[in-house]
Amino acid sequence: TANNVNSSKVTFTIDTLKPTFSWVDPTPADGTKTTSTSVYLNTTITDATQTSAWYDWNKSLVGYWSMDVRNSTGVYDNSSYANFGTATGGAVFNSSGVYGGAYTFDGVNDGISAGNSSSLNPSSAMTLSAWINIKSTNTNYGVIFSRWGPPGGTAYWVSTDINNPQVIVIYLSNLLVYTTPAFPLNEWVYFVATYNGTSASAYKNGVYLGGAGNIASISPSLAV
């Protein structure tokens, strides 16, 4: 109303510590010339505030959900493809992730659905990675990634095993990989699954766990 003055206090935290970013082996040295059609790039970033980063050389990164960049319905995709992830089944955001926030899933019907964009249909090769924290045993598969294929089929699937949640199951068309029981309970672990068009491999915190050795055409919806 007239003659009333309202005020509020806003507090900002400013990060004054710059991250360090460097190219490391096997990245070609500065000034290198090559006639090859591809090169390997490897980056290292160090930051006191646990910043994550990536280098998207040819826009091959089709989904990056940090769980921090979100709204009331889900999480934004930080890649170039804007594959928004909708929280489903009562998935709960919390601030106790490895790099900022995370989501807690009940192992029954919670998840993040990234829709059915064609950008999520790798034709011959892919890498899937996630920070995971397996909280407890349960009588269901703990899905990490799934992408449903033609009727009744699964194009790719990564989950904990129904009989042992410390085992990761990787399914790619007719290729099935079970890791060793190497995944601890109640501990953050960085998990990576790769497929090169012929064989699949699994890694825990950068350590190779094993693999096996084609992939169906991929369509409908990605769930995390």
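Student: Which residues do ring pairs link into a cluster?

Tutor: The model is a predicted one. Eight aromatic pairs are present in the structure. Ring pairs join three residues into a cluster, namely Phe93, Tyr103 and Phe105.

Student: How far from the ring centre of phenylalanine 93 is the charged end of arginine 70?

Tutor: Phenylalanine 93 belongs to the cluster that ring pairs form with Tyr103 and Phe105. The charged end of arginine 70 sits over the ring of phenylalanine 93, and its distance from the ring centre is 3.5 Å.

Student: How many residues apart are tryptophan 131 and tyrosine 190?

Tutor: Tryptophan 131 belongs to strand S9, residues 126-133, while tyrosine 190 belongs to strand S14, residues 188-195. Their pair links distant parts of the chain, with a separation of 59 residues.

Student: Are tryptophan 131 and tyrosine 190 buried, partly exposed or exposed?

Tutor: Buried means under 20% relative accessible area and exposed means over 50%, with partly exposed in between. Tryptophan 131 has a relative accessible area of 34%, and tyrosine 190 has one of 30%. Both values lie between the two limits, so each residue is partly exposed.

Student: What is the C-alpha to C-alpha distance between asparagine 205 and tyrosine 190?

Tutor: Asparagine 205 is placed in the loop between strand S15 (200-204) and strand S16 (207-212). Its relative accessibility of 42% makes asparagine 205 partly exposed. Asparagine 205 and tyrosine 190 are 15 residues apart in sequence, and the C-alpha to C-alpha distance is 4.9 Å.

Student: Where does proline 26 lie, and is the peptide bond from aspartate 25 to it cis or trans?

Tutor: Proline 26 is part of the loop between strand S1 (20-23) and S2.

Student: How far apart are the C-alpha atoms of asparagine 42 and proline 26?

Tutor: Asparagine 42 lies in the loop between S1 and S2, which is also the location of proline 26. Asparagine 42 is partly exposed, its relative accessible area being 30%. Along the chain, asparagine 42 and proline 26 are 16 residues apart, and their C-alpha atoms are separated by 6.5 Å.

Student: What is the relative accessible area of methionine 67?

Tutor: Methionine 67 occurs in the loop between S2 and strand S3 (70-71). Although methionine 67 is not a glycine, its phi is positive, at about 75°. Methionine 67 is buried, because the limit for that class is under 20% and its relative accessible area is 15%.

Student: Is alanine 82 buried or exposed?

Tutor: Alanine 82 is located in the loop between strand S4 (74-75) and strand S5 (85-88). It too has a positive phi, of about 55°, although it is not a glycine. With a relative accessible area of 60%, alanine 82 is exposed.

Student: What separates the C-alpha atoms of tyrosine 99 and methionine 67?

Tutor: Tyrosine 99 is found in the loop between strand S6 (92-94) and strand S7 (102-104). Tyrosine 99 is partly exposed at a relative accessible area of 31%. Tyrosine 99 and methionine 67 are 32 residues apart along the chain, and the separation of their C-alpha atoms is 9.1 Å.

Student: How many residues in the lining of the second largest pocket are polar?

Tutor: The second largest pocket has a volume of about 180 Å³. It is lined by 13 residues, of which Pro28, Thr32, Thr34, Val39 and Trp57 are the closest to its centre. The lining includes five nonpolar residues and one charged residue, and the number of polar residues is seven.

Student: What percentage of the residues of the protein chain count as buried?

Tutor: The secondary structure of the chain comprises zero helices and 17 strands. The accessible surface of the chain is about 13,900 Å², with 52% of it belonging to carbon and sulfur atoms. Among the 224 residues of the protein chain, the share that counts as buried is 31%.

Terms used: Residues numbered from 1 in each chain as written. Predicted model: local features only at pLDDT ≥ 70, side-chain atom pairs only at ≥ 80, totals over all residues. Heavy atoms only, no water. Phe/Tyr/Trp six-rings, centres within 6.5 Å; stacked < 30°, edge-to-face > 60°. Helix = DSSP H or I, 4+ residues; strand = E, 2+ residues; numbered from the N terminus. Buried < 20%, exposed > 50% of the residue type's maximum accessible area, 1.4 Å probe, protein only. Lys NZ or Arg CZ within 6 Å of the ring centre and 35° of its normal. Areas by Shrake-Rupley, 256 points an atom, 1.4 Å probe, with all protein chains shown as cover. 1 Å grid on protein atoms, 1.4 Å probe; cavity = no way out; pocket = protein on both sides within 12 Å on 5 of 7 lines; lining within 4 Å. Points joined across faces, edges and corners; volume = space filled by probe spheres on them. Nonpolar A, V, L, I, M, F, W, Y, C, P; charged D, E, K, R; others polar.
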